[in-house]
Amino acid sequence: MSGNHPDLIYVTHEKPGSIGVDDVREQINDTIMIRPYSSYYKIYIVDEAEKMTVQAQNALLKTIEEPPSYAVIILITTNQEAFLPTILSRCVQMKLKPLKDFTIQNLHIAEKDADICAAFARGNLGKAIHLASSDEFKELFQKVMVLVKNVGTMDISMLLDCIREMKEQNFDIGEVLDLMQLWYRDVLMFKVTKDMNLLIFKDEYKMINETGEKVDYAGLEAILAAIDTARTRLNANVNMELAMELLLLTMKHPS
């Protein structure tokens with residue numbers, strides 16, 4: 001590593017779901033006084049920093065009050081309200097917005113595909129570029145579209161077979177949920193506005209309109225809430241088929 005590149009340290013979580021006091025002490029506090037090996041700066045990156053416990057934040061407090069001149073600590077979060085006021089008062093806050101969709105529309109792919117990749121990547125340019133050229137993502141997308149378009153007519157066993165098939169092909173079930181969420185977001189958006197330009201899945205506006213005519217607002221809210229619940233259950237290691245079956249039942253009978 002040349003002197004123009006900083007030393008980067010990504011703080012990891014000892015326990016899923018939280019960043020504990022031991023994580024902060026062992027990975028930041030106990031190492032920050034060691035000068036960078038081959039660069040001018042030593043940068044610590046704490047992703048999902050809102051997951052720091054109160055004890056972890058307190059343990060970090062003195063370090064961010066008086067860091068060495070070469071040290072930079074970056075706390076990445078989508079929820080600054082999760083931090084203690086003493087932490088916030090000692091940080092320089094930089095608000096970052098998602099990248100504009102046109103950023104990936106220069107990759108020589110169809111506009112509709114660019115819209116989908118940009119929305120799915122949620123502002124992550126590297127992920128958007130990967131998705132735009134990924135045959136695996138295209139296959140996953142097609143399978144999820146078949147499922148959401150036919151959820152009303154397929155019986156639950158057939159729907160679960162689709163989920164099992166995606167799982168057997170090593171598709172990320174979290175990404176399946178993300179695509180479902182984007183689909184029903186479009187259904188709700190079109191039901192409210194009737195503006196096709198606001199849709200992510202513009203080519204599917206007829207099916208999106210039909211779905212919106214069949215499902216009322218309460219039903220759409222129930223489906224979107226069920227997607228979030230399924231995600232929470234999967235993160236808590238609830239049986240995948242059970243979690244998805246409960247979701248699919250809500251999608252079939254939302255009212």
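Okay, let's start with contacts: among those in the protein chain between residues at least 6 apart in sequence, 68% join residues at least 24 apart, where contact means heavy atoms within 4.5 Å. Before I go on, this is a predicted model, so to speak: local features need pLDDT of at least 70, side-chain atom pairs count only at pLDDT 80 or more, and totals for chains, interfaces and linings use all residues. Residues are numbered from 1 along each chain as its sequence is written, and side-chain values use heavy atoms, with hydrogens and water left out.

Now the overall layout. The protein chain has eleven helices and three strands, and from the N terminus the elements go β-α-β-α-β-α-α-α-α-α-α-α-α-α. Those are DSSP runs, with helices being H or I of at least four residues and strands E of at least two, numbered from the N terminus. Of the 255 residues, 36% count as buried; buried is under 20% relative accessible area, exposed is over 50%, and partly exposed is in between, with a 1.4 Å probe and protein chains only. The chain exposes about 15,000 Å², and carbon and sulfur atoms supply 53% of that; the areas come from Shrake-Rupley with a 1.4 Å probe, and for residues only the protein chains shown count as cover.

On to the sheet. It's open, with three strands in the order β1-β2-β3 and parallel pairing; two strands pair if DSSP finds at least two bridges between them. β1 (7-10) and β3 (71-75) are the edge strands, each pairing on one side only. From one strand to the next, the twist averages 20 degrees; axes are lines fitted to C-alpha atoms, for helices over the stretch in contact, and angles run from 0 to 180 degrees between N-to-C directions.

β1 and β2 (residues 42-46) pair over four bridges. Leu8 stands opposite Ile43, and the bridge partner of Ile9 is Tyr44. On the other pairing, β2 and β3 have five bridges, and there Ile43 stands opposite Val72.

So how enclosed is β2? Five of its five residues are buried, so β2 is largely enclosed by the rest of the structure. Both faces are covered, with Lys42, Tyr44 and Val46 on one side and Ile43 and Ile45 on the other.

Next, Thr12, which sits in the loop between β1 and α1. Thr12 is partly exposed, at 48% relative accessible area. Skipping residues up to four places away in sequence, Thr12 touches Asp23 and Gln27. Gln27 is 15 residues along from Thr12, and their C-alphas are 8.1 Å apart.

Then helix α7, residues 156-168. It has 13 residues and reaches 18 Å from first C-alpha to last, close to the 18 Å expected at 1.5 Å a residue; the expected span is 1.5 Å times one less than the number of residues. Which residues of α7 are buried? Leu159, Leu160, Cys162, Ile163 and Met166. They cover an arc of only 150 degrees around the axis, which puts them on the same side of α7; the arc is that of the directions from the helix axis to the C-beta atoms. Their cover includes α6 (135-150), α8 and α11 (240-252). Just after α7, Asn170 takes a positive phi of about 65 degrees.

Last stop, Asp186, in helix α8 (residues 173-193). Is Asp186 buried or exposed? Buried, with a relative accessible area of 0%. Leaving aside neighbours within four places in sequence, Asp186 is in contact with Leu198, Leu199, Ile200, Phe201 and Ile208.
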